[in-house]
Amino acid sequence: LERTLSIIKPDATRRNLTGKINAKFEDAGLRIIAQKRIHLSPAQAGKFYEVHKDRPFYGELVEFMASEPVVVQVLEGENAIQKNRDVMGATNPANADAGTIRKDFALSVGENSVHGSDAPETAAEEIAFFFSGLELV
Ligand code: ATP
Ligand code: MG
């Protein structure tokens, strides 16, 4: 089974949508094997999204991700990385398919409710960024 790192972003935690989003993961066959609520510092958010540091929206993205608590989680399942991205929907909710998390809940391309790892290497790095081995069973 594959694992991926998921983040329920501040726009969603603020609106108390964690349970509704988790139900979509579970309905898609993903198991939430680790989960915690944390408030990222701007430095931590900046490090997590360092890959985007030259993009024009980087400052706004880092400020948003550090604005309020997030829920970080590890999802496990067959093809968990792709399955999670399918259930998340397109980055911009205007382009997201019906029934996806971003179609149903995202506010904008920036405040788009969830993050999901995009490849096996980044999933491993992102899981290790937030969770120790002892927290993963
Ligand atoms: P994520 O990496 O969060 O799972 P993604 O892979 O769909 O999302 P990326 O291209 O990696 O999208 O962008 C990372 C995040 O940066 C997006 O989820 C969104 O919050 C923000 N973002 C992307 N494009 C824009 C934009 N044009 N304006 C503002 N914010 C943006
Ligand atoms: Mg991405």
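Me: How should I read a polar contact, and what does His-52 do with ligand 1?

Reply: A polar contact is a pair of N or O atoms within 3.5 Å; within protein, one must be able to donate a hydrogen and the other to accept it, and residues adjacent in sequence count only if both atoms are side-chain atoms. In this predicted model, a polar side-chain atom of His-52 is 3.1 Å from an oxygen atom of ligand 1. The side chain of Tyr-49 also places an N or O atom 3.1 Å from a ligand oxygen, and a polar backbone atom of Gly-116 lies 3.0 Å from one.

Me: Which residues come nearest to ligand 1?

Reply: A residue is near a molecule if one of its heavy atoms lies within 4 Å of it. Ligand 1 has 16 residues around it, and Lys-9, Thr-91, Gly-110, Asn-112 and His-115 come nearest.

Me: How many helices and strands does the protein have?

Reply: Both are DSSP runs, numbered from the N terminus: helices are H or I with at least four residues, strands E with at least two. Here there are seven helices and four strands, in the order β-α-α-β-α-α-β-α-α-β-α.

Me: And how far does the C-alpha trace span?

Reply: Along its principal axes, about 35 × 35 × 25 Å.

Definitions and conventions: Residues numbered from 1 in each chain as written. Chains lettered and ligands numbered in written order. Predicted model: local features only at pLDDT ≥ 70, side-chain atom pairs only at ≥ 80, totals over all residues. Heavy atoms only, no water.
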